[in-house]
Amino acid sequence: MAAGGLSRSERKAAERVRRLREEQQRERLRQVSRILRKAATERSAEEGRLLAESEDLVTELQGRSRRREGLKRRQEEVCDDPEELRRKVRELASAVRNAKYLVVYTGAGISTAASIPDYRGPNGVWTLLQKGRSVSAADLSEAEPTLTHMSIARLHEQKLVQHVVSQNCDGLHLRSGLPRSAMSELHGNMYIEVCTACTPNREYVRVFDVTERTALHRHQTGRTCHKCGGQLRDTIVHFGERGTLGQPLNWEAATQAASKADTILCLGSSLKVLKKYPHLWCMTKPPSRRPKLYIVNLQWTPKDDWAALKLHGKCDDVMQLLMDELGLEIPRYSRWQDPIFSLATPLRAGEEGSHSRKSLCRSREEPGPGDRGAPLSSAPILGGWFGRGCTKRTKRKKVT
């Protein structure tokens, strides 16, 4: 035995005492928790005494309960009644007309009408994974720009919107006709791969999802640069990564737009990620000089208290009302006019087998270039920006 130390038997005895004390505390916690679930009128005198003797535990458990209820309320979707929503849209329309520099921030909620799931809604990707359920979606090549995407493109055309900052990787802003110079896709674009060996980086816009073979910290797509032969990589910024590419992230334009903005309109974003980018919120400016904030979202966001107006409604519903109020016609999306086909670089000979994703085509009946005739179906998402970027949060079962 070391000088001044405990013998082995004494250490074992102390460990048994510690474990016994912890088990007694856990049992007391369970007892108090069971009692608190009962109505006060149903508790016995003995249970009342136990609660009185366990004041600290009661306070802790009640605090936990309040936090759970608060989180539950934040996840609930709330809709303004039709008259209230119309009133709010009139106020929003006035803000859009009077804005000197309006920037729009968009999230997954603007693409749900295109059958692309959001992340934190009742059926969102993170929500389902946290419940231990699988994530599936229809073929993303079937997705088309929504009413909201087309409305934003028209607002920019009318010089009412100066810049769009998007968290979405689905490429629908690009396909709506919004100029590339007018948007920052902070988390990348599923249709764009780049060669970082070339200076400046050489971009390749494709008509298929380039992220089939990519994942968190693994971005090579398996194709090579037509000029230098270097490996091409996707542009996706997964959760936990830091975006370093110039395009299509376009961070420089995003921060410049935020610094000039006097009005910010947030559409379909929980803002739980965007709130972490202080440059987008002009936090270095005094509150009186920061942009006025307008939020359209069904759920709570961490910026609600900062907002001049919060509209609880679906993005397409709000944008339809807004465009009516502004007297602007919403252009219809046409695959024949989709800019991606004029921007796209075709695959070289021998590259046709480098992917198995369905390609976009101008007509739904027309087979896409390089397609293998695979039937469309709703199946689990495998790989790429949507699959491996989120399945990393699921717990792996241990192999026994």
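This is a predicted model: local features need pLDDT of at least 70, side-chain atom pairs count only at pLDDT 80 or more; totals for chains, interfaces and linings use all residues.

Trainee: Is Glu83 buried or exposed, or does it fall in between?

Mentor: Glu83 is partly exposed, because its relative accessible area is 46%. Residues are numbered from 1 along each chain as its sequence is written, and side-chain values use heavy atoms, with hydrogens and water left out.

Trainee: Which residue does the side chain of Glu83 meet in a salt bridge?

Mentor: Side chains of opposite charge can pair when their charged atoms come close. Here the partner of Glu83 is Arg86, at 3.0 Å from N to O; a salt bridge requires a side-chain nitrogen of Lys or Arg within 4 Å of a carboxyl oxygen of Asp or Glu. Both residues belong to helix H4 (residues 82–98) and are three residues apart, about one turn of the helix. Helices (H or I, at least four residues) and strands (E, at least two) are DSSP runs, numbered from the N terminus. Arg86 is partly exposed, since its relative accessibility is 36%.

Trainee: With which residue does Arg87 form a salt bridge?

Mentor: Arg87 pairs with Glu91, and their closest N and O atoms are 3.7 Å apart. These two also lie in helix H4, four residues apart, again about one turn of the helix. Arg87 is partly exposed at 37% relative accessible area, and Glu91 is partly exposed at 32%.

Trainee: How many salt bridges does the structure hold?

Mentor: There are 23. One of them joins Asp234 and Arg233 at 3.9 Å, N to O, and both of these residues are buried. Elsewhere, salt bridges link Glu23, Arg26, Glu27, Arg30 and Arg34 in a network.

Trainee: What does the UniProt annotation "active site" cover?

Mentor: According to the UniProt record, an unreviewed entry, this annotation covers His187. Such positions are given in the numbering used here, with shortened feature names, and annotations may be inferred rather than shown by experiment. In the model, His187 sits in the loop between strand S4 (183–185) and strand S5 (192–195). His187 counts as buried because its relative accessibility is 11%.

Trainee: How should I read the backbone angles?

Mentor: Most residues other than glycine have a negative phi, and most peptide bonds are trans. In this model, the bond joining Thr199 and Pro200 is cis, with omega about -5°, and Pro200 lies in the loop between S5 and strand S6 (202–205). The peptide bond from Gln247 to Pro248 is also cis, with omega near 0°. Pro248 is placed in the loop between strand S8 (231–234) and helix H8 (251–260).

Notes
Buried means under 20% relative accessible area, exposed over 50%, partly exposed in between (1.4 Å probe, protein chains only).
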